[in-house]
Amino acid sequence: MVTIPVIDLAAFMNGNATTRQAVVKEVYQACHEIGFMYLQNSGMSKDLIEQVFTYSKYFFNLPLEVKQKQAWNDEFNNTGYVAIERERLDPNKPGDLKEAFNVSKEGAVGMDACIGAFYDSCTNLANTVLQIFALALDLPEDFFTTRHSQHNHTLRSLHYPPLQTPPKPGQVRAGEHSDYGSITLLFQDEVGGLEVRTTAGEWIQAAAITDTVIVNTGDLMQRWTNHVFCSTKHRVMIPNDDRVNQSRYSMAFFCHPNDDVEIACLESCKTGKSPIYPSILAGEYLLQRLQATYGNS
């Protein structure tokens, strides 16, 4: 059975050349084989994470009419409140049993102080991961970070409410999908439900591990690397036990390149095979995916 590896980031951030290279190899293997990993000692403040979850719970407990005043309007800015069933990550299934709130860098600054601080901390962690990716792919260490310099990232608070009525056929908390950008950082509570599909087609649980951050690679990184790093399908299922009566909360930080960055197969990833995808601008790809996600709602 394939398992999602746990990688100690401190060995890269504080280690010598040997330990740093060992982490680079671990990350390469994780991204190549399953596209998901847990990071320990990420440098993220536990207190800050708790504050952000507390604020998220406060927001989602507000009356619906209050939340709707900040409703998500269009895929061009991709910010605001997304109501339950508004989004369907699997376009062939009913709307997802979740609500969300998306903020950009500018939006994070205007919210509670903990949100802005958390956005910045996530950006720093993402840059460290991107540096490791560059080294793993025999690129200059700043190759990816310079192409993410505009911080076009989206911080998404997520709430999966308790089930009040039976779900529609095929309906889950978050439909099967892959993420759109380069990498995603995920912080989740203990309720669980996240599942990851292995290359063999088996679904395995990505349970919460204390003091870790889940990192997964997205579609643009898969395109960039010619499938050397894989963008793995995942979903959030409805629990078949008492947790169905519990709220689940998570925070996802979607890391996206600058809109004008051309995503084309890297030289180090051709290795005797032609590029799988034509080149595309990062901003164009994101727009296409968001239109597909919300277009049928």
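**View 1. Helix H3 meets helix H6 in the predicted model.**
Helix H3, which spans residues 46-60, and helix H6, which spans residues 113-136, have axes that come within 9 Å and cross at roughly 130°. The two helices, H3 and H6, are therefore oblique to each other, and their crossing is left-handed. On the H3 side the contact is made by Leu48, Ile49, Gln51, Val52 and Tyr55, while H6 contributes Cys114, Ile115, Ala117, Phe118 and Ser121. Sorted by class, the residues in this contact of H3 with H6 are eight nonpolar and two polar, with no charged residues.

**View 2. Helix H2 packs against helix H6.**
Helix H2 is made of residues 17-33, and its axis lies 9 Å from that of H6, at an angle of about 85°. H2 and H6 are therefore roughly perpendicular to each other. From H2, the residues Arg20, Val23, Val24, Val27, Tyr28 and Cys31 meet Ile132, Phe133, Leu135 and Ala136 of H6. In this contact of H2 with H6 there are nine nonpolar residues, no polar residues and one charged residue.

**View 3. The largest cavity has a lining to which helix H3 contributes.**
When the whole structure is searched, one cavity of 30 Å³ or more is found, and the volume of the largest cavity is about 90 Å³. Its lining is formed by Tyr55, Ser56, Phe59, Phe60, Phe101, Val103, Met111, Ile115, Leu155 and Ser157. At least two lining residues come from each of H3, strand S4 (99-103) and S5, and H3 provides the largest share, with four residues. Eight of the residues lining the largest cavity are nonpolar and two are polar, whereas none is charged. Two residues of this lining, Tyr55 and Ile115, also take part in the contact between H3 and H6.

**View 4. The largest pocket is lined by residues from both helices and strands.**
The volume of the largest pocket is about 780 Å³. Its lining has 45 residues, among which Asn78, Thr154, Tyr180, Phe254 and Leu286 are the closest to the centre of the pocket. Two helices, H5 (105-109) and H9 (282-294), each supply at least two residues of this lining. The strands S5 (154-160), S6 (174-177), S7 (183-188), S11 (234-236) and S12 (248-255) likewise supply at least two residues each. The lining of the largest pocket comprises 18 nonpolar, 18 polar and nine charged residues.

**View 5. The second largest pocket has Lys46 among the residues nearest its centre.**
The second largest pocket holds about 540 Å³ of space. It is lined by 23 residues, and those that lie nearest its centre are Lys46, Ile49, Thr210, Asp211 and Thr212. Strand S2 (36-40), H3, S7 and strand S10 (212-217) each give at least two residues to the lining of this pocket, and H3 gives the most, with four residues. By class, the lining of the second largest pocket is made up of eleven nonpolar, seven polar and five charged residues. Ile49, which lies near the centre of this pocket, is also one of the H3 residues that meet H6.

Key
Residues are numbered from 1 along each chain as its sequence is written. This is a predicted model: local features need pLDDT of at least 70, side-chain atom pairs count only at pLDDT 80 or more; totals for chains, interfaces and linings use all residues. Side-chain values use heavy atoms; hydrogens and water are left out. Axes are lines fitted to C-alpha atoms, for helices over the stretch in contact, and angles run from 0 to 180 degrees between N-to-C directions. Angles under 35 degrees count as roughly parallel, over 145 as roughly antiparallel, 65 to 115 as roughly perpendicular and the rest as oblique. A crossing is left-handed if the near helix is turned anticlockwise from the far one by less than a right angle, and right-handed if clockwise. Contact means heavy atoms within 4.5 Å. Ala, Val, Leu, Ile, Met, Phe, Trp, Tyr, Cys and Pro count as nonpolar, Asp, Glu, Lys and Arg as charged, and the others, Gly among them, as polar. On a 1 Å grid over the protein atoms alone, a cavity is a set of points where a 1.4 Å probe fits but cannot get out, and a pocket is an open set with protein on both sides within 12 Å along at least five of seven lines; lining residues have an atom within 4 Å of a point. Grid points are joined across faces, edges and corners, and a volume is the space filled by probe spheres set on the points.
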